[in-house]
Amino acid sequence: MSSSSFRARRTLLSSAAALVLSATFAGGALAAETIKIGLVTAMSGQSALAGEAITRGMQLAIDEINAKGGLLGGRQLELVRRDDEANPAKGVTAARELIYKEKVAVLFGGLDTPVSMAIVPLVNQEKVPFMGPWAAGTGITRNGASPNYAFRVSAMDDIVDVAMLQYAQKNFKSAKPGMILVNNPWGESNEKGLKAALAAKGVTAAGVEKYEANDLDMVPQLTRLKAAGADTLFLVGNVGPSAQVVKSLDRMGWKVPVVSHWGPAGGRFTELAGPNAKDVHFVQTYSFFGKQTPRGEQVIKALMAKYPSIKGPGDITPAVGVANAYDAMHLSALAIAQAGSTDGDAVRQGFYKISGYDGLIKKYDKPFTPANHDAIGADDYVWAQFIDNRIVPVGTAN
Amino acid sequence: MQLLSSLLAGLGLGSMYGLMALGFHVTYAVSGTVNFAQGSSMMLGAVLTFTFAQTLGWPMLPAVLLALLLCALYGLVVEVLAVRPFASRGSNAWLIATVALGIVLDNVVLFTFGKEPRSLPSPLAVSPMSVGGVGLGVYPLQLVIPLVGLALAAALHAVQRRTRWGVAMLAVVQNRDASRLMGIPIRRVVALAFAMSALFAGVAGVLIAPLFNVNADMGTLFGLKAFAVAILGGIGSAWGVMLAGLLFGMLEALITATLGSGYTQILSFSLVIVVLALRPNGLFGRAEVKKV
């Protein structure tokens, strides 16, 4: 009786020991430190949907990389997100936390140019590579720092502005375009870019008008542009105010071609702007509609499997956020692999060593050099219109 | 012609400011307190109407009525949670408490309603108006708004002069203690004022929803401008704040149309300061006389 109970206890003890041991070993395997990738973007407020799109694109790429065994000898990637509420001060605070506390290997930014502009000096000082999957402000990557830690897989205002003029001249024979721009650093960045693009082609603008992001009625501004003889409008603004511009045009009964930055793609533009939404031509870096490459089909399938709310290409919105973030994450992983460590300066140089990557947006060939931190150029842009609530590609700049 | 359409649009916008400023006026007149987050009450009206009419597919009339009723209820909540506990202790903390409650509401809406701006269709905002083939540059709804605004200001005036509750309100304004001695339920009068305040903002929200993008932070800037308008008109006068709203809206439109949008905010708000320097009690306000 007593001996059997003793044996029982011993079995119990040894199995407990085995359990502890196996837990230790399993724990050891798990503890191979993850590589943290930071993301500071808007996750609340008007731009929240954009933050979600960036997250989805990044997470999809991270899942793919982790499924293939991770990086640097089996270390898994982990996404760490913080909300910047589209506020530069909050963005910098969040970036500090991710850099100092979470020790992220690469820090991703969101869609708001003012926030990214505020974070860039910090990453250059702390030598942490920054990847912009959305915000298009020219000064984010062309920030004058050396060495420069800011990279981007997205459109850039200066190039977009040249492309907008090209597209307007080619399709609408524009001779006297007017600008209607949001009154913030993004609008300012484009005002400079558009003026430079116009000057290069010897075109004079009919006028430059600004509006506040929460303005409801742009009739007065548009009336001034009309009186000045504008034959085309260059529009820069997020989806809400862009829709108000279209509605104001409708009220005025002014039929004028509108060539826009990519703001309208950020939401339900057709619902917000009404039937005239289809008249706005805007720039995109990628469209999930139309014929897809095998990589494109694979991404759509994976998104539908991972997110039940995605039932087709129309639900992958805003498309540019998902596509840019997906390619940006893969390129960042390649840079870390090239660096052979998560050391900031090594990863920065790792970006230059990427020879090629067959991505979603295009086949990248030496995407980054010390002189060029933007992986996407004017030839990669796609022009699109909202037709029946879908973003339909309609042409290229050239 | 161009000026006319700008002016008409400014009139519509101005009456929105006026309506919301009317909300500041009713509570200030009775209790010396206001709901600083008036913009959130306006947003609530728009969001609820959108939810009932679009998401649930109800007919417009019941959707609007229920939305407005809920706005009035929200006004009661503001008074009970954010104003009464502080005002009764003589503290000014209701200032920040109402702002805080508004932020809470904005974020609750963000979670429940969603992050995407939406648009409420209205038959009054489909095709622009024209007279004799000349476009006026506004939707019919933009001319309905000032009518509703003025009608509500008139109704408020009539209620204050002709009904028992209105007279009770005026009595509370004049002398709180005497009113209490006369058996006027002061607490209920103040609560009623806050319900009306949120109701006015809700009406503004319902009217503006088809013209604007419906989302959680649509009211923020409006609330701010409406407060400026309330001060400009003289917060103690119902007609004053409504007229100041109309003036402010048209002023904004005129500056934008003539000098350009870069000058709108600078000039319109500078003018507010100038007016207040010259007439400290607002354009239409009277100096408060404390009878001892």
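This briefing describes a predicted model of a complex of chain A and chain B. Local features are used only where pLDDT is at least 70, and side-chain atom pairs count only at pLDDT 80 or more, while totals for chains, interfaces and linings use all residues. Residues are numbered from 1 along each chain as its sequence is written, and chains are lettered from A and ligands numbered from 1 in the order in which they are written. The predictor gives the complex an ipTM of 0.80 and a pTM of 0.80.

**Confidence**

- The predictor's confidence in each residue is called pLDDT and runs from 0 to 100.
- The average pLDDT of chain B is 88, and 97% of its residues score at least 70.
- For chain A the average pLDDT is 89, and 91% of the residues score at least 70.
- Residues 23-30 of chain A have a pLDDT below 50, and this stretch has zero contacts in the model beyond near neighbours in sequence. Two residues are in contact if their C-beta atoms, placed from the backbone, lie within 7 Å.
- Where pLDDT is low, the predicted coordinates should not be read in detail.

**Chain B as a whole**

- Chain B has 11 helices and two strands. Helices (H or I, at least four residues) and strands (E, at least two) are DSSP runs, numbered from the N terminus.
- Along the sequence of chain B the order is α-α-α-α-β-β-α-α-α-α-α-α-α.
- The radius of gyration of chain B is 19 Å, which agrees with the value near 19 Å for a compact globule of 292 residues. This radius is taken over C-alpha atoms, and the globule rule is 2.2 Å times the number of residues to the power 0.38.
- Along the principal axes, the C-alpha atoms of chain B fill a box of roughly 65 × 50 × 35 Å.
- Of the 292 residues of chain B, 51% are buried. A residue is buried if 20 or more other C-beta atoms lie within 10 Å of its own, exposed if 12 or fewer, and partly exposed in between, with C-beta atoms placed from the backbone.
- Among contacts in chain B between residues at least 6 apart in sequence, 75% join residues at least 24 apart.

- Helix α2(B) has 18 residues and reaches 25 Å from its first C-alpha to its last, close to the 26 Å expected at 1.5 Å a residue. The expected span is 1.5 Å times one less than the number of residues.
- Of the 18 residues of α2(B), 16 are buried.
- After α2(B) comes B:Gly57, with a positive phi near 75°.
- Helix α4(B), residues 94-113, has 20 residues and should span 28 Å; its end C-alpha atoms are 27 Å apart, which agrees.
- The buried residues of α4(B) include B:Trp94, B:Ala97, B:Thr98, B:Leu101 and B:Leu105.
- An α-helix has 3.6 residues a turn, so residues three or four places apart point the same way.
- The buried residues of α4(B) pack against α2 (38-55) and α3 (60-87) of chain B.
- Just after α4(B), B:Gly114 has a positive phi of about 110°.

**Where the chains meet**

- The contact between the chains takes 28 residues from chain B and 28 residues from chain A.
- On the chain B side, α1 (2-31) and α10 (238-258) each supply at least two residues.
- The largest share of this side, five residues, comes from α1(B).
- By class, the chain B side has 12 nonpolar, 12 polar and four charged residues. Ala, Val, Leu, Ile, Met, Phe, Trp, Tyr, Cys and Pro count as nonpolar, Asp, Glu, Lys and Arg as charged, and the others, Gly among them, as polar.

**Chain A and its domains**

- Chain A has 13 helices and 14 strands.
- Of the 398 residues of chain A, 52% are buried.
- Chain A is assigned domain 1 (35-155 + 291-367) and domain 2 (158-284 + 383-395); the bounds come from an automatic or database domain assignment.
- The centres of the two domains of chain A, taken over C-alpha atoms, are 28 Å apart.
- The contact between them takes 15 residues from domain 1 of chain A and 18 residues from domain 2 of chain A.
- On the domain 1 side, the largest share, three residues, comes from α4(A).
- That side of domain 1 divides into nine nonpolar, six polar and no charged residues.

**One residue of chain A**

- A:Ala323 lies in helix α12 of chain A.
- A:Ala323 counts as buried because it has 26 C-beta neighbours inside 10 Å.
- Leaving aside neighbours within four places in sequence, A:Ala323 is in contact with A:Gly57, A:Thr285, A:Tyr286, A:Leu360 and A:Ile361.
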